[in-house]
Amino acid sequence: MINSEGGTMKIRDVFEQLNTRLLWRLAEENAWPFTFGEAEAPLDEIAAYIKDARTIEKTWQVLSREEKEVWLHFLFRVGEDIVTYRQMEEYAKAVSPIVAYAGLTGLRRRGLIYTLRRLWGEVVYLAPYDVQRAWRAWLLPRVLSETQAISVDAEFQSVTPLVHVLFRLLQTHRHKPIALTKKKTMTMKMRRVWQAVIPYAEEWFAPLYPEACGDGAARERFFLELLAEMDLLRERESETGLEYIVHETAAARLFHGAEADVQRRVYQQVKEKLGRLGPCNPVILDWMEAKGVNTFSLNELQAAENRLLREKSQANQSKHWQVFAENICALLTAFGFISRTGEGMDASMRWNMNLTANEENAVANYGIGYVQPTFEVLLLPHASYEVRWRLGRYAELVEQQEVWVFRLTRQSVRAVKGEEENEALIRLLEQIQLEVPDNVRVQLEQWMRSEPSVMLEQVVLVRCPDAETAQQLAALPEFAPYWRARIGEKDFIVDASQEAALREAFTLREININQKSTAKEPSEAGRFPSHASHSIGLAENGYKIESVFPAFEDVLPELKDVPTIWHKNFQRYHHSTLRTLLMTARSLGIRLKLEINNRPIENARVLDIRAEGGAYRLTLDAEGRMENINMENVGRIKLELPALWNED
């Protein structure tokens, strides 16, 4: 499977590449309640409709047997990946060409699976990952047996929740960027800092990165990628080289509300990350989530999956379950997402959080701690994460137990000194404890004003080719609101927030813009792949969504040579014609309706045709029952083609 660079898309990403006429055809064929014709299609509304539980239930009821079989294969065996044409061929040989391609074509016509093609013809098949998750969320509770929540003493549970570790890492680098080497790896100095902060064992991360060279490399890589994928770090160039800085806005979005809310947000990001490391990891996590508050084991969930897919053998099809048990469960436990008793597939597990709970709207933001005369600030457990993150801007994080301890120091306060910052800090401390000790107020003001300060601002430099051009620009009234200052004869300074508007003004005046780029913030190179960027990765690899409404005979052209009478009439045939019909049914995996000595048999598949003692013998699979018969005993017979082929 292709995952690490290919990945998958959301359904909205697919729609953006589809021809409007094809989207209209899909809507018409599937009775989607949208009429847009040549007008702009309501992509967001259509995407939401496809993922709605009511739409999923209605679609499931009308899927053919072939469509269900192929769709379940994509949902639980392919996972959040794309399938190459060769892989589809292998799957067709294993199950039946007629089943595989009838199901695939039907699902493409229903807007569940899409085809991507490279310019040189290579084809892959894609099921958008958000559609997959919506389907699994609807389907799994219906196939899982209800079990009572068993109260067990957890043998393995987290000492330090992941949200605490991420907070401390970001807090560490709010005023100290992460220095990078030319290969965009952390310097040894930074690695030593992280080794002191991250409490999890390196051995839990090593299987995720077999190429890592030990000494914490896999663990640090996981966290660096995770923070970048969450957009919590941004890359930039400095005088000393490349470095990562904390993206304050993204961090503020993450750290708000109660700890349970933040932990749920972090879990969803980790789920995305694990999906990139293994396309079936999100599938197993969806099974686990479907158990809700109930205790479960992976063995129980795997057995339910095999029943759903009607698989008797677990050995070949389900290796990813064993890999998950060995490599992922320890991480989920260490991060505080689950608690478990035992090891491996038999371990008893339960979620430590309610994944379906609504975010807590009423989170305490006043009277939530103590401001000590010793300059320590104590935050009680019910303090919101907004307050914790805002306080971390001015204070050092000392302790993260039940009560979080911050310390105000001259260095931490002066990192953001200024009159406005001093007032903001005092208001924050009053929010934590109404009466702030006098000595703290006085000392904070002295620290803020102890030395002259300068202000660093992001601005855009507009450089003209000569003084005459600069003078012409200065004389144009529509540009006057943009100039912050003029420097020398040829240059202007503009607020960074005005850059987009200024560009538009230049365009209207037909003034060319020659940009020399030195900074790399924000930079796509500084961000690691996420599901949101997978569509970009597919495009960069030459893949484009194919805007063709599929016809069954185009996918399985051999059916064009099948006589119509074979699948229209239920009748007897001459010996040679019967043998050709049976061989065709075997090679294409077409099911049969037939009579054996006047005994009717439905849904039979030909497994083998062989000559024995001057006669032909057949081995049939009739709904799981094997029968060995003489071909001369076959009476009336008919090919049972999928409904899609017989739709005319």
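**A helix crossing, then loops and cysteines**

A: Helix 5 and helix 7 stand roughly perpendicular to each other. Their axes cross at roughly 85° and come within 7 Å. That angle counts as roughly perpendicular because the class runs from 65 to 115 degrees. Helix 5 spans residues 65-78, and helix 7 spans residues 97-109. The model is a predicted one.

Who makes the contact? On the helix 5 side, the residues are Glu 66, Glu 67, Glu 69, Val 70, Trp 71 and Phe 74. Helix 7 answers with Val 99, Ala 100, Ala 102, Gly 103, Leu 104, Gly 106 and Leu 107. By class, the contact of helix 5 with helix 7 holds 8 nonpolar, 2 polar and 3 charged residues.

Now the loops. Ala 31 sits in the loop between helix 2 (20-29) and helix 3 (43-51). Its phi is near 55°, a positive value in a residue other than glycine. Ala 31 has a relative accessible area of 56%, so it is exposed. The cut-off for that class is over 50%.

Lys 184 also has a positive phi, near 65°, and is a residue other than glycine. Its loop runs between strand 4 (178-179) and helix 10 (188-197). With a relative accessible area of 29%, Lys 184 is partly exposed.

Ser 297 belongs to the loop between helix 14 (281-290) and helix 15 (298-309). Its relative accessible area is 16%, so Ser 297 is buried. The limit for buried is under 20%. A polar atom of the Ser 297 side chain lies 3.1 Å from the backbone nitrogen of Glu 300. Setting aside neighbours within four places in sequence, Ser 297 is in contact with Met 345, Asp 346 and Ala 347.

Last, the cysteines. Cys 280 has 8% relative accessibility and therefore counts as buried. Cys 329 has 3% relative accessibility and is buried as well. A disulfide is a covalent bond between the sulfur atoms of two cysteines. How many disulfides does the structure hold? The number is 0. The test applied is a pair of cysteine sulfur atoms within 2.5 Å.

Note on methods. Residues are numbered from 1 along each chain as its sequence is written. This is a predicted model: local features need pLDDT of at least 70, side-chain atom pairs count only at pLDDT 80 or more; totals for chains, interfaces and linings use all residues. Side-chain values use heavy atoms; hydrogens and water are left out. Helices (H or I, at least four residues) and strands (E, at least two) are DSSP runs, numbered from the N terminus. Buried means under 20% relative accessible area, exposed over 50%, partly exposed in between (1.4 Å probe, protein chains only). A polar contact is a pair of N or O atoms within 3.5 Å; within protein, one must be able to donate a hydrogen and the other to accept it, and residues adjacent in sequence count only if both atoms are side-chain atoms. Contact means heavy atoms within 4.5 Å. Axes are lines fitted to C-alpha atoms, for helices over the stretch in contact, and angles run from 0 to 180 degrees between N-to-C directions. Angles under 35 degrees count as roughly parallel, over 145 as roughly antiparallel, 65 to 115 as roughly perpendicular and the rest as oblique. Ala, Val, Leu, Ile, Met, Phe, Trp, Tyr, Cys and Pro count as nonpolar, Asp, Glu, Lys and Arg as charged, and the others, Gly among them, as polar.
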